[in-house]
Amino acid sequence: MLLQNQSPVLRPQTTAHLAQTMSLLELTSGELKQRIESAIASNPALELVEETRCPQCHRILPPRSLCPICSRPNPISSDQPIVFISPRSIIMDFEYDGSESDNSQEDWATETENLPTFVFRQIAPELAVEDRHLAAHILSCIDEDGLLTVPPIEIARYNHITLERLHNVISLIQHAEPTGVGSPSPQAALLVQLDVLSETHNVPKLAYEAVKQGIDLLSRHAYHELAKVLNISKTEAQRIAQFISENLNPYPGRAHWGDIHQCGEAPHTYQNPDIIITQYSDDPDARLIVEILAPFSGSLRVNPLFQKALVEAPADKINEWQTDVEQATLLVKCLQQRNHTLVRLMQVLVVLQRGYILHGDSFLLPITRASLAEELGVHESTISRAVSNKAVQLPNKRIISLSKLFDRSLQIRTALKEIIAHEAEPLSDTIIADLLLNQGFPVARRTVAKYRSMEGILPARLRITNKIYQENP
DNA sequence: CTATGGCACGGATT
DNA sequence: AATCCGTGCCATAG
């Protein structure tokens, strides 16, 4: 019966199988959840079986499986991490208490970019119902820096509304966390931040003017000119500049993503993890535990009862039922394939990047997707798909994009930041390139320049001699 | 003359 | 096949 069933199913659909596995691979757990929910809703042959729990640690487990952690004889230290699919679903609850449930929610909730979601949640209560769609639209236009790149007029025209109404909504967005998000320019973001800051803190009187009139001077560190414009002394100007660079952020979107300024519990993070890495104990040699989050508790399978019933199916239904079973089988298989791939991927990856996972940016090894693909014996595009769009939570509670583990330049960029942070006097790009070479990073001078601008570091000429850097790990 | 930013090419990524 | 990123070459600013 099995053969009868499967050969006609699998042979013609091998390509479909492959294609579906691929498409499942690149899904976030949240997206996967939706995908599976809709599949279950439309296909009676699919069944979600109940979860079980490990008697010792109460982890939720797939049915009939042993707890991957408690069942290990020696779980404490080993090079090999424990990697497993964890059906606990701490995932993606985009609902906020409002009575919101219309289509605009889908628009943004399914996006993998979560800064918009984060902001939307905050402003939702204050938002008029008819402006929700508008807010979602605006938020979707925000770039990684948290700035609104599309000119407001275009948005207004597109939605057929007045500029005034648009500006009301934008202003609401700007005053949400991170303050200034959704501003059309760094300058506007700074102004909003000053505005908010002045309600609770003592803001230098001229800071506002400095930003308003001297934004370009400020960014070039041209203090004498700034002083002239504001009609104050140069040291005054420097003080104001200092205040601004310490308290304001021209790119509101960058603040929360990478930096480690809050070490406590994870604050609002913009992205829900797909993978969670924890340490078994405080021992630095302790084994790493990698949980790949499945989007539902329990596990998915083809309903055996339905399959049995197939034999006695009424004549008019038999075709329909048959395809249901076929599709269900396919989906389950693809899902297993996805999980299998992810597990193997993480197993290798975690071993390789252990240093980074435990000790931070400067230990990141430059791994290429291609090399990993070779090691695993899969096509590189498979890795590429598996890696994209996924977020991973590290033991220190930071959530980063999985693709960061493949970032060839991060290690160098942190080294570069180190150098500049500790420099006694501004070093030119050429010298920095040499220093990096000594540390084992052969980078071109030109590239140093690029990394600098990436990190928002000014050219040597414009740096102050003994600049104090706020961000120190 | 030196330090940088812009443009374009080749390899990696998707 | 389209796109992104590191790099080399050249023009420009100081």
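This report describes the fold, salt bridges, nonpolar core and DNA contacts of a predicted model.

## Basis of the values

In this predicted model, local features need pLDDT of at least 70, side-chain atom pairs count only at pLDDT 80 or more, and totals for chains, interfaces and linings use all residues. Residues are numbered from 1 along each chain as its sequence is written, chains are lettered from A and ligands numbered from 1 in the order in which they are written, and side-chain values use heavy atoms, with hydrogens and water left out.

## Overall fold

Chain A has 20 helices and nine strands. Helices (H or I, at least four residues) and strands (E, at least two) are DSSP runs, numbered from the N terminus. Of the 473 residues in chain A, 44% are buried; buried means under 20% relative accessible area, exposed over 50%, and partly exposed in between (1.4 Å probe, protein chains only).

A contact means heavy atoms within 4.5 Å. Among contacts in chain A between residues at least 6 apart in sequence, 64% join residues at least 24 apart.

## Salt bridges

A salt bridge is a side-chain nitrogen of Lys or Arg within 4 Å of a carboxyl oxygen of Asp or Glu. The count by this rule is four salt bridges. One of them joins the side chains of Glu-26 and Arg-385, with an N to O distance of 2.7 Å. Glu-26 is in the loop between helix 1 (2–25) and helix 2 (29–42), while Arg-385 is in helix 17 (residues 380–387), 359 residues apart. Glu-26 is partly exposed at 25% relative accessible area, and Arg-385 is partly exposed at 30%.

Another salt bridge pairs Glu-47 with Arg-301, whose closest N and O atoms are 2.8 Å apart. Glu-47 belongs to strand 1 (residues 46–49) and Arg-301 to strand 7 (residues 299–302), so the pair ties together parts that are 254 residues apart in sequence. Arg-301 is partly exposed, with 30% relative accessibility. Arg-452 and Asp-429 also form a salt bridge through their side chains (2.8 Å, N to O). In this pair, Arg-452 is in helix 20 (residues 445–454) and Asp-429 in helix 19 (residues 429–438), 23 residues apart. Arg-452 is buried, with a relative accessible area of 9%, and Asp-429 is buried at 12%.

## Nonpolar core

A nonpolar core is a set of buried Ala, Val, Leu, Ile, Met, Phe, Trp, Tyr and Cys residues joined through side-chain atoms within 4.5 Å. The largest such core has 33 residues, and Ile-277 and Met-346 have the most contacts inside it. Elements giving two or more residues to this core include strand 4 (82–86), strand 5 (275–279), strand 6 (288–293) and helix 14 (318–352). Helix 14 gives the most, with seven residues.

Ile-85, in strand 4, is buried, with a relative accessible area of 17%. The C-alpha atoms of Ile-85 and Glu-291 are separated by 5.8 Å, although these residues are 206 residues apart along the chain.

## DNA strand B

A residue is near a molecule or strand if one of its heavy atoms lies within 4 Å of it. There are 14 residues around DNA strand B, and Arg-369, Asp-429, Arg-446, Arg-452 and Ala-460 come nearest. Sugar and phosphate make up 61% of the atoms of DNA strand B that come within 4 Å of the protein. Helix 16 (369–376), helix 17 and helix 20 each supply at least two residues of this surface, and helix 20 has the largest share, four residues. By class, the surface has four nonpolar, three polar and seven charged residues. Ala, Val, Leu, Ile, Met, Phe, Trp, Tyr, Cys and Pro count as nonpolar, Asp, Glu, Lys and Arg as charged, and the others, Gly among them, as polar.

Asp-429 instead places a backbone N or O atom 2.9 Å from a phosphate oxygen of DNA strand B.

## DNA strand C

The residues around DNA strand C include Ser-409, Arg-446, Thr-447, Tyr-451 and Met-454. Of the atoms of DNA strand C that come within 4 Å of the protein, 75% belong to sugar and phosphate. The surface near DNA strand C divides into four nonpolar, two polar and three charged residues. Polar side-chain atoms lie 2.3 Å from a phosphate oxygen of DNA strand C in Thr-447 and 3.3 Å from one in Tyr-451.

Arg-413, in helix 18 (residues 410–422), is buried at 12% relative accessibility. Its side chain makes a polar contact with that of Ser-409 at 2.7 Å. A polar contact is a pair of N or O atoms within 3.5 Å; within protein, one must be able to donate a hydrogen and the other to accept it, and residues adjacent in sequence count only if both atoms are side-chain atoms. Arg-413 also touches Asp-407, Tyr-451, Met-454 and Glu-455, not counting residues up to four places away in sequence.
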